[in-house]
Amino acid sequence: PPEDGLDLALALLRRLTGEDPQLRTIGSRLELWLQRVALTMALDGSTTLTIEQLRNLAAEMDLGDADRVVDLLASRSLLLEASGRYSFQHRLFGEALVAEFLLGDEPERWLDVLAPEVAGRGALREEWRGVADLLLPRSQRWREAIAARDPRAAARGTPVDASREEREAAARQLWARAQELDVWIDPGGPPSSRSDGEVVADLIRSGDLPGVEEEIRAALEADTRFRRGNAVDVMAAAELEGLEEELRRILRDDPDPVVRRSAAVAARRRGLEGLRDVLEQRAIEATETSEAEDLAVAILQLSPASERLERAQRLLREGSRSVNDFDVVADLGPEAQLRWLSLRAREAGGDQWLARRQLDAVLAELQEPSEEQAALAGFVAATAASTSTAVTELLAEHAAGAGGVVEALQEGLAESYRIGHLLAAIGPEGLRRHGAGPELIEEARAWQERAEVREARTAHRVAEPGEEPEGLEQ
């Protein structure tokens, strides 16, 4: 069979035990004992065992000193001790050992353990799902046995190299369940867990399931948002032919903002740059906040750096409140980033924390800023109330930066009491040259004097005994 999760887990386990010369001498007996440990944990419904339980499982297995073996396994990051109990460092190791054991046994002997039946209804137990994820793709016999109790679990375990008939049945099972229950097939679970929609898409991509594809396409015209949204999600994940045109139609014509959001997310994930214009138009028309946010993210992430700033500005002009600064400035040049941050400050919609962080990154990249760049940096620093050393150094070294600070104050976008450190770095003369009024100049002088006193006190604290600190009058 092809290499899969079970192969990888067992290969890593054997490599870790094989790298230790003392464990290597125990050979196959060690793996048999670890398998017993894993099975005992699984049957107990626990992930830990006591040292006494580990010793008992090692009895008559010729492992030598069981305590020493446990210590060696812990040193190889295979076992983990906590409060006197031991577990596998990585749960996947235990699940892989159990799955390997079950592959060699008859499913009927274990069916009531993995998928018990009560009142005529059966289901795979939650604590056995990790084992099933490794076991079912490797054995049609096990899939058939589990299907009698939990058809969904068996369908989810169907591999892409199964027969066409089995793949088609599994895809139809999962698709029909979501459609009949009218629930999301891709509910957005943790990244480690595959959704039913992802399983269906993988089975379709393996080829030769035209009937399933046709059912999914037909659901684009269904009467509920769940069914239409599911069709969008699976079509996008399976990369079906004609996806871009279908998404364009949905973005333009579908009456439900939730379905349009699904289309926007699909366009972004699939990198469909040809949908930028229809996404932008829909974003301008959007009245529902979540839809507007997803559309804006899609537009900006699909736009190349050369046109992203222009598209973001158009969204702002049209009244959008869903433009994320980070999506705009990613990959832009330093001056373009400064222009955007200054624009956002004027729009009163920018993220000050991001502006401060991004300004520091820009200044680290700008070795010799032009006068215009220095003025933009000063403006952004003032509106974001930056306290960065890089900013104060820029203002002290580049006179044009003072112009941006004064401009921010004159436009009412900055408050002098919050940027005293910037005023001190510029100094009264620098502010005067850029048109600052007498009150601001005096305020800067006061801030400068405070900074000098603070520096003198610092120097006094660090001076050697008997040494007169420089700049402090006696």
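## Two helices and the overall form

The crossing of helices α22 and α23 is left-handed. This comes from a predicted model. Helix α22 covers residues 352–365 and helix α23 covers residues 371–383; the two pack with their axes 9 Å apart, at an angle of about 150°. An angle over 145 degrees counts as roughly antiparallel, so α22 is roughly antiparallel to α23.

Which residues of α22 and α23 meet? On the α22 side they are Q352, A355, L359 and L363, and on the α23 side A377, V380, A381 and T383. Sorted by class, this contact of α22 with α23 has 6 nonpolar and 2 polar residues, and no charged ones.

The protein as a whole has 27 helices and 5 strands. Its radius of gyration is 33 Å, whereas the globule rule gives 23 Å for 474 residues; the value for the protein is well over that, so the protein is more spread out than a compact globule. The C-alpha trace spans about 90 × 75 × 40 Å along the principal axes of the protein.

| Item | Share |
|---|---|
| Buried residues among the 474 residues of the protein | 45% |
| Residues 24 or more positions apart, among contacts with a separation of 6 or more | 63% of these contacts |

Definitions and conventions: Residues numbered from 1 in each chain as written. Predicted model: local features only at pLDDT ≥ 70, side-chain atom pairs only at ≥ 80, totals over all residues. Heavy atoms only, no water. Axes fitted to C-alpha atoms, helices over the stretch in contact; angles between N-to-C directions. Helix = DSSP H or I, 4+ residues; strand = E, 2+ residues; numbered from the N terminus. Parallel < 35°, antiparallel > 145°, perpendicular 65-115°, else oblique. Left-handed = near helix turned anticlockwise from the far one by under 90°. Contact = heavy atoms within 4.5 Å. Nonpolar A, V, L, I, M, F, W, Y, C, P; charged D, E, K, R; others polar. Rg over C-alpha atoms; globule rule 2.2 N^0.38 Å. Buried < 20%, exposed > 50% of the residue type's maximum accessible area, 1.4 Å probe, protein only.
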